[in-house]
Amino acid sequence: MDTPVREVTPQGEPIPLSAVRLRRTRQGTVSWGDHHVTVGGDAPVRVQSMTNTDTADAVGTAIQVKELAQAGSELVRITVNNDDAAKAVPYIREQLDRMGVHVPLIGDFHYNGHRLLTDHPDCAQALSKYRINPGNVGRGDKGDRQFGQMVEIAARHNKAIRIGVNWGSLDQDLLARLMDDNAYRARPWDARQVMYEALITSALESAKKAEEIGLNGNNIVLSCKVSGVQDLIAVYQALAQRCDYALHLGLTEAGMGTKGAVASAAALSVLLQQGIGDTIRVSLTPQPGEARTQEVVIASEILQSLGMRAFVPSVTACPGCGRTTSTTFQELAKQIDDYLRSSMPVWRERYPGVENLKVAVMGCIVNGPGESKHADIGISLPGTGEAPAAPIFIDGEKAMTLRGAGIAREFQTIVENYIEKRFGAHA
């Protein structure tokens, strides 16, 4: 696929307009009913999330899945760790379908997944994808048998699987084997390099076994989770060179608040810009009182900031300085951003393309008019010493000027009318 360009470097090389998919992977589909989510190949990078409810609480889990889906999660993973959880899965799926939420569900299995999928065939059918950790399926021949059981069930039901390796639960037999091999090297690797190789080898050997058992390789996604930014980049760069399977990205145990958000953005952005990654998750520890959906918001913002996806209209706002007279522009920017984001579950259906809308809320005359002209619709609020007036720019042209105490409400109404006119059914 040709990369769109706008100009060239001094050396004559094209400058890409935005990040593009540089690595072509196998393309599969994760489906539920008539709802299909393509993964890999030329498909967009998908946003994934995970519930933190007790899966046995079918109602509570279904509600959280709905919230995550409405926030923009295209795949949602749920814990399936015991019989009660496995029994609840079909009811969760039924409630979601009744609510019109057709997002595919991924079952997260560790230790006893082979038994749960065998004993609860309705659970196996209700899930769209299984996550299998090679380090937690058992050791030796027992592990091979149990892994094989899960793969056979996936193949029988035509389900996708994610072979999810984690450095906190590596296959100890494999690790011991690689450490022994390393001891005979003329120049032995350090312990970190051996760990990298163990992660990659575990994923690739497991994928090969799955295909030998009969699973279509297009239905396999790999992940090698670590919690360090540089570790994640190094592992996935090496993994991408050694296979063409779709890859799931994410720092495991990224952390809380700004630490988790920044670390995830730093690691994922480097890899995504290199064309590595087909699905992503931000494993954010929620702060007290924070919605689980925050991890979806951050994952979506990473992709949108890179120019790879558009999920919600973007709001450009200045940070404020000594020239700004009040917090009016901050409050208005937040109000508009919250309004646009909260409206998206309905707008996705009603106003196709609205996610590409660009809004500017600026605080003074320095960059205000210019930024507002570059946006689809923008407002430049008065700064220190400026006339108490707020010019509105629509499609690059000054359309009107607002004055008085009701500027915020008036501007929101103007935005609403613009969206209806541009993206509504009659547009």
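Colleague: What share of the residues in the protein is buried?
Modeller: In this predicted model, buried residues account for 51% of the 427 residues in the protein.

Colleague: And which residues of strand β9 are buried, on one side and on the other?
Modeller: On one side of β9 the buried residues are Ala 160, Arg 162, Gly 164 and Asn 166, and on the other they are Ile 161, Ile 163 and Val 165, which leaves both faces covered. Because seven of the seven residues of β9, residues 160–166, are buried, the strand is largely enclosed by the rest of the structure.

Colleague: Which strand do four bridges join to β9?
Modeller: That is β8, residues 129–132, and the two strands run parallel.

Colleague: What stands opposite Arg 162 there?
Modeller: Arg 131 stands opposite Arg 162 of β9, and Arg 162 is itself one of the buried residues of that strand.

Colleague: Switching to the whole chain, how many helices and strands are there?
Modeller: The protein has 13 helices and 19 strands. Its radius of gyration is 24 Å, close to the 22 Å that the globule rule gives for 427 residues, so the protein is as compact as a globular protein of that length.

Methods
Residues numbered from 1 in each chain as written. Predicted model: local features only at pLDDT ≥ 70, side-chain atom pairs only at ≥ 80, totals over all residues. Heavy atoms only, no water. Rg over C-alpha atoms; globule rule 2.2 N^0.38 Å. Buried < 20%, exposed > 50% of the residue type's maximum accessible area, 1.4 Å probe, protein only. Pairing = 2+ DSSP bridges.
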